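Here is a short briefing for your next look at a pocket and the helix that helps to line it. Have the viewer open and follow along.

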Amino acid sequence: MAAASGRRRLIWAAAAALVLTLDAAFVEDLDDSFKDNRKDDIWLVDFYAPWCGHCKKLEPVWNEVGIEIRSSGSPVKVGKMDATSYSSIASEYGVRGYPTIKLLKGDLAYNYRGPRTKDDIIEFANRVAGPLIRPLPSQQMFEHVHKRHRVLFLYVGGESPLKEKYIEVASELIVYTYFFSASEEVLPESVTLPELPAVVVFKDGTYFVYDEYEDGDLSSWINRERFQAYLNVDGFTLYELGDTGKLVAIAIIDDKNSSAEHTRLKSVIQEVAKDYRDHFHRNFQFGHMDGNDYINSLLMDDLTIPTVVVLNTSNQQYFLPDRRIESPEDLVQFINNILDGTAEAQGGDGFLQRIKRIIYDAKSTVVSVFKSSPLLGCFLFGLPLGVISLMCYGICTADTDGGVEENETSKKETGDRELTDEGSEEEQEQENKEKSAELSDGEHGQKHIFDKKKD
């Protein structure tokens, strides 16, 4: 029975090892010959460090990425490189942290900044590996693409300086979104353009046309408009929103809490994002965040939910309403106060805030270590404190002992001096007696002479 059980365990272990080997076979281990041998191939590369915990967490996901990309017939090759062993190549590609995911296409290296999930990474690889501008030859193709993409940028028209600028922007922002082109006949009848050529963004159930005079630089406009008006915000989204220059108005709620207060605040944000787009879309992004853990660590504050916070991701400032947001009108008033400068800004990236951040991060690290592993926390922080305590005790004890020895030495010297003084007094007394005896002998001699004279 035991032998059979042991054989089954060996079979399962061998099967698991085989699966891991097959998975890894779709991901190539790259070395220092990679740069010279990659030629015109398109590579999706994970630059990792063997000791990095995030890299180890990414490894099974990366194997799945390799399997799916290979099976889909994509021209993209998937590899991984130990950036600590081949640091010169990693440095040449601008690797500064681990893991770093890059798609290498020709002379260009595109950074991946999104969530480290299989679907998101594969979508990034397919988008960047394809053409910069994807043509839409028919209205059916336009409808198909429109349904697949929540945000769709489209150039409409023939050759022009605007198209050249559009291609230039696409080469920069293809890591974030797709870029398409079409003729005016492809568009639905409901879409009317003031003039051609034009750049249009389709999102939120409608469309918006780029206006150079009102919207400024095309790159900045596309960077602002690549998000829907209302988002489910997380850490990655906030990071990307930092490039837009917008303030981010967020309802901090608990998605699992179906109470009226939580749902009302979310609805208020959504309503303002939709109905006041023309007023605020150039300066504000709207959304909600589930839970307050991330926002508390970001602001180094303890926000109670539900609440509203407006973040300035460019300088780490944030704004909190001075009263409860009960209606869209309350939120609009709060946003107007921010715009006219009457709302109080908190936080920032000044020197004191940086010191506060260091202290907060250190405290958070200590607390998290003790929560996850109390014994490890006691060892890591208790041992150094114990050593320092022993050193302080030794220093203090050494000073006290030295003081006692000096005191005893002083007392001894004083005693010796007293003994010496006493000896001197005895000698003086003896001398006095001798002097007295000499005086008596002298007087007796004088008396004897006087008696002789008298006779």
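**The largest pocket and its surroundings**

In this predicted model, 27 residues line the largest pocket, and those nearest its centre are D120, Y176, R226, F227 and E240.

**Pocket**
- The volume of the largest pocket is about 970 Å³.
- Sorted by class, its lining has 11 nonpolar, nine charged and seven polar residues.
- Helix α5 supplies four lining residues, the largest share.

**Helix α5**
- With 12 residues, α5 reaches 16 Å from its first C-alpha to its last, which is close to the 16 Å expected at 1.5 Å a residue.
- Which residues of α5 are buried? They are I121, I122, F124, A125, R127, V128 and A129.
- An α-helix has 3.6 residues a turn, so residues three or four places apart point the same way.
- The cover over the buried residues of α5 includes the helix α3 (53-71) and the strands β2 (42-48), β3 (76-82), β4 (100-105), β5 (108-111) and β6 (134-135).

**Cysteines**
- The structure holds zero disulfides.
- Is C52 buried or exposed? C52 counts as buried because its relative accessibility is 6%, and buried means under 20%.
- C55 also counts as buried, at 6% relative accessibility.

Conventions. Residues are numbered from 1 along each chain as its sequence is written. This is a predicted model: local features need pLDDT of at least 70, side-chain atom pairs count only at pLDDT 80 or more; totals for chains, interfaces and linings use all residues. Side-chain values use heavy atoms; hydrogens and water are left out. On a 1 Å grid over the protein atoms alone, a cavity is a set of points where a 1.4 Å probe fits but cannot get out, and a pocket is an open set with protein on both sides within 12 Å along at least five of seven lines; lining residues have an atom within 4 Å of a point. Grid points are joined across faces, edges and corners, and a volume is the space filled by probe spheres set on the points. Helices (H or I, at least four residues) and strands (E, at least two) are DSSP runs, numbered from the N terminus. Ala, Val, Leu, Ile, Met, Phe, Trp, Tyr, Cys and Pro count as nonpolar, Asp, Glu, Lys and Arg as charged, and the others, Gly among them, as polar. A disulfide is a pair of cysteine sulfur atoms within 2.5 Å. Buried means under 20% relative accessible area, exposed over 50%, partly exposed in between (1.4 Å probe, protein chains only). The expected span of a helix is 1.5 Å times one less than its number of residues. Contact means heavy atoms within 4.5 Å.
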